[in-house]
Amino acid sequence: MDAVLHDLALHWPLYAAMPFVAALIGYVTKRVAIEMMFRPLDFVGIPPLLGWQGVVPKHGGRMAAVATELLTANLLDLREVLGRIDPVVITSELEQPLLRAVDHVAREVLAEHHPRLWEALPTLAQEMLIKQVQASAPRLVRDFLDDVRENLDEVLDVQHMTVQRLTRDRALLVRLIRETSRPEMAFIARMGVYFGFGLGVVQTVVWALTREPLVLPVFGGVIGLLTDWLAIKLIFVPREPVRVGRVIFQGKFQRRRAEVARQYGELIATEVLTVQNLLDAVLRGPRADRLAALVEQMVSSAVDAQMPLAWTVGGTRLREMKHAAAVKALEHLPDTARYAEGYLTEAMDVAKVIEQRMLALTPLEFEGLLRPAFRQDEWKLIAVGGVIGFVVGELQVLLMLG
């Protein structure tokens, strides 16, 4: 014991520093583990053995599929969302751009496919014909909305659109997970400090009693491993509140359910299920041909309603005109819909719908929102923490015995 006290008196600054070094090990290993989850976006190193790519971007496809499954199965009924759109309001919002688009399409198609007829018509007759076509536009908008809602699964593959969007933009997937879990990441780093300091006190006592060179690296490795593992566990468990005396324990992610639901809903609404993204998926997605067929059918009915025109133009040429009009209508759709983007975003209110549905999830379902980001390669993150802790502990030995 005298030898121990003499060594403590001789090296007290180093002994005093041990718990703080252990706390630093705990913090550094946590920060490294957190950054390794998200960075780098692309593989850096010599593939396939030497190097690293962030866990989230590396497994982006699988994580995007998990997020999409949760979104489409539990959080969002797109048919219900589209049902919030008022045909009267949307028609009013689109009135002027729609009339201009109809005017442009009608003149272009007639001039291209039946120039003699078009040029032979007096200006007044041309204007009357255009006005007739324009008069049917509001009804076409209402019919279009009804048909899209009725045949939604045939014209839009939401899962394909969401997975493609999140997979193609790895930075978006990282942001989606990182923004909704930022407090949890800070919590992990703080726990590394607290756990590390506590283990560092034990480490100091054991070193003073044994002076065994393996104590510091082994404790450093244990600190890195244990604090990484424990911090990740404390994010998710216990799922339900557990009262111990006056203290209530619950996983941090579960406690923040309301905040996470709001953040997640806003991110999905502003980055994934936007009006532009939905429209692009409908027009260019794997089921775009079905929308084209739907539009052509509607345009055909509208043209047939103009009986004088249908009588004047031959059958083959009339079919060509209908097809051309449908193609041009689809080309004009994005620019026309842009004028109603504000109303559509407000009416669908995707963020609020997702937020409300998330609050109704079971704790296990809610955990599935973030847990996949940790589960894959979680052992690697914990192992890295152990390795860093071991190396720092070995450096401490060199300093103590040097």
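**Helix packing and aromatic pairs**

Helices H17 and H21 are roughly perpendicular to each other, a label given to angles of 65 to 115 degrees, whereas angles under 35 degrees count as roughly parallel, over 145 as roughly antiparallel and the rest as oblique. Helix H17 covers residues 275-284 and helix H21 residues 341-348, and the two pack at an angle of about 100° with their axes 10 Å apart; the axes are lines fitted to C-alpha atoms over the stretch in contact, and angles run from 0 to 180 degrees between N-to-C directions. Val275, Gln276 and Leu278 of H17 meet Glu341, Leu344, Thr345 and Met348 of H21, where contact means heavy atoms within 4.5 Å. These residues divide into four nonpolar, two polar and one charged, with Ala, Val, Leu, Ile, Met, Phe, Trp, Tyr, Cys and Pro taken as nonpolar, Asp, Glu, Lys and Arg as charged, and the others, Gly among them, as polar.

This is a predicted model, in which local features need pLDDT of at least 70 and side-chain atom pairs count only at pLDDT 80 or more, while totals for chains, interfaces and linings use all residues. Residues are numbered from 1 along each chain as its sequence is written, and side-chain values use heavy atoms, with hydrogens and water left out.

The protein has 25 helices and four strands, which are DSSP runs numbered from the N terminus (helices H or I, at least four residues; strands E, at least two). Buried residues make up 45% of its 402 residues, buried being under 20% relative accessible area, exposed over 50% and partly exposed in between (1.4 Å probe, protein chains only).

The structure holds two aromatic pairs, that is, rings of Phe, Tyr or Trp (its six-membered ring) with centres within 6.5 Å, called stacked if the planes are under 30 degrees apart, edge-to-face if over 60 and tilted otherwise. Phe20 and Phe197 pair edge-to-face, 5.2 Å centre to centre with 75° between the planes. Because Phe20 lies in helix H2 (residues 12-38) and Phe197 in helix H13 (residues 182-210), this pair ties together parts 177 residues apart in sequence. Phe20 is exposed, at 55% relative accessible area, and Phe197 is partly exposed, at 34%.

Phe253 and Phe366 form a stacked pair, 4.9 Å centre to centre with 25° between the planes. Phe253 is buried at 1% relative accessible area, and Phe366 is buried at 0%.
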